[in-house]
Amino acid sequence: MRDLDFSCGGLLPLITSIESAPSVRDDRRDIWLTREEVRTASLGLAQNIASAQKRLVFLLCGNTCETIIGLLAAAAASRAVALIDPSLAEDKLGGLIDAYRPDLVLSTPDIGEKLRDLGGASSEWRSYESRAGVVEWIARDAGAASVDIDPALQLLLSTSGTTGSQKYVRLSRDAIVANAGQIAEALAIDEHSIGIAHLPLHYSYGLSVVTSHLAAGGRVYLVNDSITSPSFWSKIANVGGSHFPGVPFHYAALARLGASLVPDSVKVFTQAGGALDPRIQAKIHDWATLRGGRFFVMYGQTEASPRMTTLQHADFSRKAGSVGVALAGGRLSIVDDKGAPAPADAIGTVVYEGPNVMLGYAMSRADLGKGDEMKGRLETGDLGRLDAEGFLYLTGRTKRFAKIAGYRLGLDEIEQELFAVCSVACIDLGEKIAVVHEQESETALKARVRELAANYKVPSSSFSLLKTAQIPRGASGKINYAQLKESLRV
């Protein structure tokens, strides 16, 4: 039997002065769990799932205290844990179980019932309720013990939203803890900070809100409402929530609904998860300033645990459009098509180096034994430029382009250009670009597309406007291009 890690994988370090202070609460409860209570519950569950050999846990995530306890328990027991979206269809979840053969699946009863019919007869799954209130579903013996798991591996996260893809990012304890500290430093998170955990916890941005606050001694309030729900902001006001993390969708909604909805306790606004209309960014920045708060633009990928840069509130006005500078301990560079360093303001592939870079990818149980394949260096697949002061400006994705009349056009750049009219999704159709939108009238959009075509020196007929009822987006708010293509049959 392994000794338990009292710090729960470094995510709940002992801070004597606040062990009895409120730490975690969800919107089903009227009371906070103290840091000591969270630790006790996590270590209690860890005792039940600990083993001499490293094992894999599937944790079906909800925005609940139980999920956080399950995550910390797995870390305390030195198990590798994969955070699984509980809304996955049964065939997708079954496919993941078959591919990764988890030794244990943790879930609350309301989510876990769907597992009884997966992976064979229900008798092959055994369940019992732990002191932490988490139901453990013990997987049948699939011969997984013959596959060693890398001792450094602590967390598996999907990059694909709710598609059920088997591709997962392998993250080490050191990377997770390092990034939690980097984020806490950049946002000045301390024991007075109350993070609003409304984003899904199986989504890396949502998880980072939890890890950065717990590691720094802050509080976490877990919410299951939409920000457009009448009860959302009243809940936040009731607990004094101070840090609101949002993706572009959330801030676009706030820009429409107005800042008066947001309680005065919210002083920190962070934006990540994709490009946001610069006008909305400026509006949120002004709102934050008026209330004595701060607005941070952040950039990251799951592969970086997940944050890489921050644009500080004070730098926003002079560096509008930038995603900021590298987090402490990280380094950004731009390389050209041949991998050579590019000069300041030259556009190329963004490369990040730092202690929070992933170990590599996994597609199945067999990949969990792999070691560090990245060596702290991540080629992001994003295009961008660094100015002379080291501020990063993103311009698109290396593979998100179309070739029209011999010209290579960035689809992300076109989407950003059209933000001024409306939100769109651009798809390469081969010598044509589909501009998918949700507008009743296409008049303004057509006019702007014609202007873009002239600027790019391509025929306006190279753009095809397609109306859809709703552009599909994942939990992060990012456009799901695969689902969009399937729905439009293009």
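Me: Which residues is Leu-155 in contact with, leaving aside its neighbours within four places in sequence?

Reply: Leu-155 is in contact with Leu-71, Val-81, Leu-83, Val-169, Arg-170, Leu-171, Ile-176 and Leu-207, where contact means heavy atoms within 4.5 Å. The model is predicted: local features need pLDDT of at least 70, side-chain atom pairs count only at pLDDT 80 or more, and totals for chains, interfaces and linings use all residues. Residues are numbered from 1 along each chain as its sequence is written, and side-chain values use heavy atoms, with hydrogens and water left out.

Me: What makes Leu-155 stand out in the largest nonpolar core?

Reply: A nonpolar core is a set of buried Ala, Val, Leu, Ile, Met, Phe, Trp, Tyr and Cys residues joined through side-chain atoms within 4.5 Å. The largest such core has 84 residues, and those that touch the most other members are Ile-68, Leu-83, Leu-155, Trp-233, Phe-244, Tyr-251 and Phe-269. Helix α2 (residues 65-76) gives the largest share of this core, 8 residues. In soluble globular proteins, nonpolar side chains tend to be buried together.

Me: Why does Ser-158 count as buried?

Reply: Buried means under 20% relative accessible area, exposed over 50%, and partly exposed in between (1.4 Å probe, protein chains only). Ser-158 has 15% relative accessibility, so it counts as buried. Ser-158 lies in strand β8 (residues 153-158). Helices (H or I, at least four residues) and strands (E, at least two) are DSSP runs, numbered from the N terminus. Not counting residues up to four places away in sequence, Ser-158 touches Lys-167, Tyr-168 and Thr-302.

Me: Why is the ring pair of Tyr-203 and Tyr-205 called edge-to-face?

Reply: Rings of Phe, Tyr and Trp (its six-membered ring) pair if their centres lie within 6.5 Å; planes under 30 degrees apart count as stacked, over 60 as edge-to-face and the rest as tilted. The structure holds 9 aromatic pairs. For Tyr-203 and Tyr-205, the centres are 6.1 Å apart and the planes stand at 80°, so the pair is edge-to-face. Both Tyr-203 and Tyr-205 are buried.

Me: How do you know how the rings of Phe-244 and Tyr-251 pair?

Reply: Their centres are 5.8 Å apart and their planes are at 85°, so this pair is edge-to-face. Phe-244 has a relative accessible area of 0% and is therefore buried. Tyr-251 is buried too, with 0%. Ring pairs join Phe-244 and Tyr-251 with Phe-232, Trp-233, Phe-295 and Phe-316 in a cluster.

Me: What makes the charged end of Arg-307 sit over the ring of Tyr-205 by definition?

Reply: A charge sits over a ring if NZ of Lys or CZ of Arg is within 6 Å of the ring centre and within 35 degrees of the ring normal. The charged end of Arg-307 sits over the ring of Tyr-205, 4.9 Å from its centre. The charged end of Arg-400 is placed over the ring of Tyr-481, 3.9 Å from the centre.

Me: How do you know whether the span of helix α11 (residues 443-456) agrees or disagrees with what it should be?

Reply: The expected span of a helix is 1.5 Å times one less than its number of residues. The 14 residues of α11 should span 20 Å, and the end C-alpha atoms are 20 Å apart, which agrees.

Me: Why are the buried residues of α11 said to line one face of the helix?

Reply: The buried residues of α11 are Leu-445, Arg-448, Val-449, Leu-452, Ala-453 and Tyr-456. Seen down the axis, they fall within an arc of 145°, so they line one face; the arc is that of the directions from the helix axis to the C-beta atoms. Thr-443 and Ala-454, on the other side of α11, are exposed. Lys-457 follows α11 and has a positive phi, near 60°.

Me: Why is Arg-101 called partly exposed, and where is Arg-101 found?

Reply: The relative accessible area of Arg-101 is 26%, so Arg-101 is partly exposed. Arg-101 is found in the loop between α3 (90-100) and β5 (104-107).

Me: What makes the peptide bond from Ser-305 to Pro-306 cis?

Reply: Omega of this bond is near 5°, and the bond is cis. Pro-306 lies in the loop between β14 (294-300) and β15 (307-311). Ser-305 has a positive phi of about 70° although it is not a glycine. At 11% relative accessibility, Ser-305 is buried.
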